[in-house]
Amino acid sequence: MIYQLTGNLIFKHTHSIVLECNNVGYEIFMPRIQDMEKNKEYKVLIYESFGETYRNLFGFLTEEDKNMFFIFKSIKGFGCRSIISILNKMTTQEIIEAVQKQDIDCFLQLPYVNDSNVNEIMFELSRKFLP
């Protein structure tokens, strides 16, 4: 399993980057790639998702983002790409602050979050971030 990749960002797609490591380009789905610069070196923490017909890499610049990804992944109904979309809209710190304020409306503005799953999201995140 790949834990991290370090290399130069050679291309940015809408929701992914191509990171060149030792002359191999890896497509990695990541949040907030708009802040990343081409031809700059990055260390990216990796989560590999395997299926019968696919293999995807999901990347994070911080352990906090990767941990938040796994918290959302433990909630029923959230797939890897939908979680990346959520982390694209809110930083990990913003999510934690919204949980601390119990700001449900903030979560309802996120993609893939609706009236039927927002309470479960608040419950799971509260267990992790509230005393």
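1. A search of the whole structure finds 8 aromatic pairs, where rings of Phe, Tyr and Trp (its six-membered ring) pair if their centres lie within 6.5 Å, planes under 30 degrees apart counting as stacked, over 60 as edge-to-face and the rest as tilted. The rings of Phe60 and Phe69, with centres 5.0 Å apart and planes at 55°, are therefore a tilted pair; those of Phe69 and Phe70, with centres 5.5 Å apart and planes at 80°, are edge-to-face.

2. The model is predicted, and local features need pLDDT of at least 70, side-chain atom pairs count only at pLDDT 80 or more, and totals for chains, interfaces and linings use all residues. Residues are numbered from 1 along each chain as its sequence is written, and side-chain values use heavy atoms, with hydrogens and water left out.

3. Phe60 and Phe69 are both buried, whereas Phe70, with a relative accessible area of 34%, is partly exposed (buried means under 20% relative accessible area, exposed over 50%, partly exposed in between, with a 1.4 Å probe and protein chains only).

4. One aromatic cluster is formed by Phe29, Tyr47, Phe58, Phe60, Phe69 and Phe70.

5. Strand E4 (residues 41-50) has 7 of its 10 residues buried, so it is largely enclosed by the rest of the structure; strands (E, at least two residues) are DSSP runs, numbered from the N terminus. E4 pairs antiparallel with strand E5 (residues 55-60) over 6 bridges, two strands pairing if DSSP finds at least two bridges between them. Tyr47 stands opposite Phe58 in E5, and a hairpin joins E4 to E5 through 4 residues.
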